[in-house]
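The entries follow in the order in which I looked things up.

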Amino acid sequence: MAIARTGTSSGNNTASSLTISHTNSSGADQFLVVSGWITATTTVTGITHNGVSMTALYNADTAAGPIYVATFVLKNPGVGTYNVVITRGSSGYNYFNCMSWSDVDQTTPYYNSGHVGSTTSTTQTVSLTATSADDWVYLFSGGQRDSTANTNVTRIVNAVQTDSFDSNGTVGSTSARDYKIDVASPGSDYNYLHYFLLKKAGAAATQNSNFLMFMN
Amino acid sequence: MKIKLTKREYVGKGYYYNFKNIETGLYSAVECTEEDYAKLALPNAVNPTLEGHVFTSADGGTIKVDSPNGILGLNEYTEMEGKYFVVGIDNKGNEVCLSVEKEQVENDEVDSLIFNIWQ
């Protein structure tokens with residue numbers, strides 16, 4: 001088996017809670033990621049999937065301005081349609097994307113994760129080294145700017161300044177590879193990037209170095 | 001440029017189911033109770049249904065006003081917790097609800113520049 005994307009969804013509102021109906025279509029060893037941004041009058045206080053609390057990978061990331069960016073993850077969410085419920089302390093903007101994949105390692109589903117903000121770059125590049133050519137990459141860009149795919153990633157969910165990407169297939173190499181996105185309207189606005197490699201089920205994970213650079 | 005606004009009375013928090021029409025792709029909001037909204041977070045929750053539609057999302061704790069559907073609509077404002085909340089179109093074309101100081105709204109008008117929230 002190989003990693004396969006099994007579901008995408010998105011939602012937004014101006015409220016203290018947002019519920020998104022998300023479908024994981026099929027397959028074993030599922031992995032769910034919920035990424036998004038909120039106005040920074042409060043933080044995300046929790047995200048659940050089918051009543052189960054998700055784990056915060058990054059929360060309340062902010063480089064400047066009025067926005068927090070968050071990514072939550074969950075192993076083995078199960079096949080079917082279930083609700084993702086995002087809760088925050090008070091009303092404000094909420095923009096979130098959900099993505100799920102099957103055949104992801106359930107012990108170490110992701111590795112080489114990172115997060116960084118930028119206010120000036122037109123291109124953001126993440127250089128990652130996979131431990132297996134069968135792994136996938138996930139990348140989320142959220143905040144005050146729209147993002148589009150440049151190199152080695154495909155934009156899968158395109159919402160308002162809330163863009164989720166993956167490699168749309170295996171990374172294909174255990175050498176360092178650059179994953180690039182283009183970011184619109186640089187200036188005093190900023191966006192925040194969250195990223196990691198998805199580990200294929202059945203292979204051992206090893207922590208590798210990774211780095212990120214900006215190109216103008 | 002000034003934008004003419006309609007004032008609505010704040011009546012509390014709103015809870016809504018959102019459905020997508022299978023044929024047209026248009027979205028509809030149907031009000032629910034706080035208790036119904038909370039049930040969506042339970043394990044194996046049974047989602048609401050609407051004929052010809054798919055349940056896509058729900059909103060909990062929105063600003064509810066005295067409009068026919070309870071939603072603060074475009075070019076409307078309301079007072080909540082000592083501030084005005086105004087709905088308009090930002091400079092990226094998105095409908096947004098902004099919190100503004102009371103003095104920024106005069107004679108039911110607001111300066112369109114307040115919606116230039118993106119640089």
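Entry 1, a sheet in chain B. I take two strands to be paired if DSSP finds at least two bridges between them. The model I am reading is predicted. On that criterion I found an open sheet of four strands in chain B, in the order β2-β6-β7-β8 and with mixed pairing. I noted β2 (6-8) and β8 (95-100) of chain B as the edge strands, each pairing on one side only. Neighbouring strands of this sheet are turned against each other by 30° on average, with direction ignored.

I then looked at one pairing in detail. Strand β7 (residues 83-89) of chain B and β8(B) run antiparallel and are joined by six bridges. Within β8(B), I found B:V100 opposite B:Y84. As background, I recall that strands of a sheet pair through backbone hydrogen bonds, either parallel or antiparallel.

Entry 2, the contact between the chains. How many residues does each chain bring to the contact? I read 27 residues from chain A and 23 residues from chain B. The area buried between chain A and chain B comes to about 1,900 Å², and carbon and sulfur atoms give 43% of this. On the side of chain A, the residues that lose the most area to chain B are A:T19, A:N83 and A:Y93, which together account for 25% of what that side buries.

I next asked which polar links cross between the two chains. There are 14 residue pairs in polar contact between chain A and chain B, both residues being at pLDDT 80 or more, whereas the count of salt bridges between these chains is zero.

Entry 3, the side of chain A that touches chain B. β1 (4-24) and β7 (80-102) of chain A each supply at least two residues of this side. Its largest share, 10 residues, comes from β1(A). Sorted by class, the side holds nine nonpolar, 15 polar and three charged residues.

I noted B:D59 in β5(B) as the bridge partner of A:L18.

One pair I looked up is A:D135 with A:K199, whose side chains meet at 3.2 Å, N to O. Where do these two residues lie in the chain? A:D135 is in the loop between β9 (123-129) and β10 (136-143) of chain A, and A:K199 is in the loop between β15 (191-198) and β16 (210-215) of chain A. The pair thus links distant parts of the chain, 64 residues apart.

Note on methods
Residues numbered from 1 in each chain as written. Chains lettered and ligands numbered in written order. Predicted model: local features only at pLDDT ≥ 70, side-chain atom pairs only at ≥ 80, totals over all residues. Heavy atoms only, no water. Contact = heavy atoms within 4.5 Å. Buried area = accessible area lost by both parts, 1.4 Å probe. Salt bridge = Lys/Arg side-chain N within 4 Å of Asp/Glu carboxyl O. Polar contact = N/O pair within 3.5 Å; in protein donor to acceptor, adjacent residues only side chain to side chain. Nonpolar A, V, L, I, M, F, W, Y, C, P; charged D, E, K, R; others polar. Axes fitted to C-alpha atoms, helices over the stretch in contact; angles between N-to-C directions.
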